[in-house]
Amino acid sequence: MELRCTACGEAHAPALLYACRRCGGILEVAGESGLAPPPALSGSMWREAAHLPVTEPEAIVSLGEGETPLLRAPRLEASLPGFRGRIWLKDETRNPTGSFKDRLVSAGISKARELGARGVVCASSGNAGASVAAYAARAGMPAVIVVPAHTPQGKVTQIAAHGAVLLTVEGHYSRSYALAEKLAATQGLANLTTTFLNPWAVDGAKLAGLEIARQLGGRAPDHVLIPTGSGPLVQGVARGLAMAGLSTRLVAVQAEGCAPIARAWAGGEARVAAWDAPRTIASGISDPLIGYEADGTLTLRLVRESGGCAIAVSDDALKQAMRALARQEGIYAEPTGASPVAALAPLLARGLVAPEAELVLMVTGHGFKDPALWQSLPARIHAVADPDDLAAVARLWEAAAAERD
């Protein structure tokens, strides 16, 4: 097992290394540990420990991540005019801290522990920070989390609850990213920032793809729609399906207010340029890629090689998608988690997805991550003046039942 550069192919021995020593390129894990699955963790992603990079079972830090359900979405299917295919929801909100980041963080912090790290640092738009804070608490390791000052309060509260040192930085996410890099370099901390920076963490994302293959009975869907900031989950889905001998068309979903990869795809560009000023409610994918544009370029290449596409959706569409997921399928998601649902109509309208396609939508983050946004949306709340006036209560109920979302 080694680290290998995705640009020049240079191999590196296992270490807390974040870029190729030869060319500065992105690193990925090559090879597997072959570790026997720890019996106590058989209900988590560590049932596949042999495929992960940790070689010492005592180094594993787990809260029961992975093995999330794949749910059919019949009401969502029926709401799309002319759609005759199947939609599946990979419900990553079921992970311990409420997002898919737990997969990456469990793998990354376990390897950091194995390699002797004394603490961890993470730049985050919220979800990764909450995950790192929780897993560091589980491991008994100090953690520093760096987030943009505008991070949703639900995520900030979750991070603080686990006792991490929380630093807030004015401006976009890339400024937090730069500070975390400096802290890792000067303070001897393992950097668990969940872009493509930490190859040991990114390797944990592939098990999402492997689970999809298993849950679909060994077949690949036509497309997998993935909320995308820098894109490690795009790579993870592709690698996991490849482990099962499968492939799919990858759809990178971004927000219109921060869409460097979708812009490059639409323009036929070979490289991704950074986004100047992010402005979107989808904090989880509001990543301008300033200073690490190569992450976006790698994701763009993966999308193109798969025959897929990248697409950007509006904030209004994100709000509608959140409501549709919650009211039609019972899944409470933050804007980022609902972004694949927001992409369905435009993908179908542009002919990028066939009406009979089988789709998997990655629902990556729980609604409790952004309660303030949910509280701003219309809700069916009615004050009952007289609980004994059943006729009046019945009229309220009948009016609500007659509504159509």
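Biologist: What percentage of the residues in the protein chain is buried?

Modeller: In this predicted model, buried residues make up 56% of the 405 residues.

Biologist: How many helices and strands does the chain have?

Modeller: The secondary structure comes to 14 helices and 13 strands. The radius of gyration is 21 Å, close to the 22 Å from the globule rule for 405 residues, so the chain is as compact as a globular protein of that length. Along the principal axes, the C-alpha atoms fill a box of roughly 70 × 45 × 45 Å.

Biologist: What share of the contacts with a separation of 6 or more comes from residues 24 or more positions apart?

Modeller: Such pairs account for 69% of those contacts.

Biologist: And what is the accessible surface of the chain?

Modeller: The accessible surface comes to about 16,000 Å², and 51% of that belongs to carbon and sulfur atoms.

Biologist: Let us turn to Lys-369. Where is Lys-369 found?

Modeller: Lys-369 is in the loop between strand E13 (358-363) and helix H13 (371-376).

Biologist: Is Lys-369 buried or exposed?

Modeller: Lys-369 is buried, yet has no salt bridge. The nearest side chain of opposite charge belongs to Glu-334, 6.4 Å away.

Biologist: Which backbone oxygen lies 2.8 Å from a polar atom of the Lys-369 side chain?

Modeller: That oxygen belongs to Thr-97. Beyond four places in sequence, the residues that Lys-369 touches include Thr-97, Gly-98, Ser-99, Asn-127, Lys-155, Gln-158 and Glu-334.

Biologist: Which other residues of H4 are buried?

Modeller: Helix H4 spans residues 153-161, and its buried residues are Gly-154, Lys-155, Val-156, Gln-158 and Ile-159. They pack against helix H3 (127-139), strand E7 (143-148), strand E8 (165-169) and H13. Just after H4, Gly-163 takes a positive phi of about 85°.

Biologist: Which residues other than glycine have a positive phi?

Modeller: Glu-67 and Leu-289 are examples, with phi of about 55° for Glu-67 and near 65° for Leu-289. Most residues other than glycine have a negative phi.

Biologist: Where are these two found?

Modeller: Glu-67 is in the loop between strand E3 (27-30) and strand E4 (70-72), and Leu-289 is in the loop between helix H9 (260-266) and helix H10 (293-306). Glu-67 is partly exposed at 26% relative accessibility, whereas Leu-289 is buried at 0%.

Biologist: Which residues are linked with Glu-67 in a network of salt bridges?

Modeller: Arg-47, Glu-48 and Arg-214 are linked with Glu-67 in that network.

Biologist: How many salt bridges are there in the whole structure?

Modeller: The search finds 18. One of the pairs is Arg-22 with Glu-10, whose closest N and O atoms are 3.4 Å apart. Arg-22 lies in the loop between strand E2 (11-12) and E3, and Glu-10 in the loop between strand E1 (2-5) and E2, so the pair ties together parts 12 residues apart in sequence. Arg-22 is exposed, with a relative accessible area of 60%, while Glu-10 is partly exposed at 29%.

Biologist: What about Arg-239, and which residue does it pair with?

Modeller: Arg-239 forms a salt bridge with Asp-203, with the closest N and O atoms 3.3 Å apart. Arg-239 lies in helix H8 (residues 232-243) and Asp-203 in the loop between helix H6 (199-202) and helix H7 (206-215), so the pair ties together parts 36 residues apart in sequence. Arg-239 is partly exposed at 24%, whereas Asp-203 is buried at 0%.

Biologist: Finally, Val-105: is it buried or exposed?

Modeller: Val-105 lies in helix H2 (residues 101-114) and is buried, at 1% relative accessibility. Its C-alpha is 7.4 Å from that of Tyr-135, a residue 30 places apart in sequence. Among the residues in contact with Val-105 are Ala-128, Ser-131, Val-132, Tyr-135 and Thr-194.

Key: Residues are numbered from 1 along each chain as its sequence is written. This is a predicted model: local features need pLDDT of at least 70, side-chain atom pairs count only at pLDDT 80 or more; totals for chains, interfaces and linings use all residues. Side-chain values use heavy atoms; hydrogens and water are left out. Helices (H or I, at least four residues) and strands (E, at least two) are DSSP runs, numbered from the N terminus. Buried means under 20% relative accessible area, exposed over 50%, partly exposed in between (1.4 Å probe, protein chains only). Lys and Arg count as positive and Asp and Glu as negative; His and the chain ends are not counted. A salt bridge is a side-chain nitrogen of Lys or Arg within 4 Å of a carboxyl oxygen of Asp or Glu. A polar contact is a pair of N or O atoms within 3.5 Å; within protein, one must be able to donate a hydrogen and the other to accept it, and residues adjacent in sequence count only if both atoms are side-chain atoms. Contact means heavy atoms within 4.5 Å. The radius of gyration is taken over C-alpha atoms; the globule rule is 2.2 Å times the number of residues to the power 0.38. Accessible areas come from the Shrake-Rupley method with a 1.4 Å probe; for residues, only the protein chains shown count as cover.
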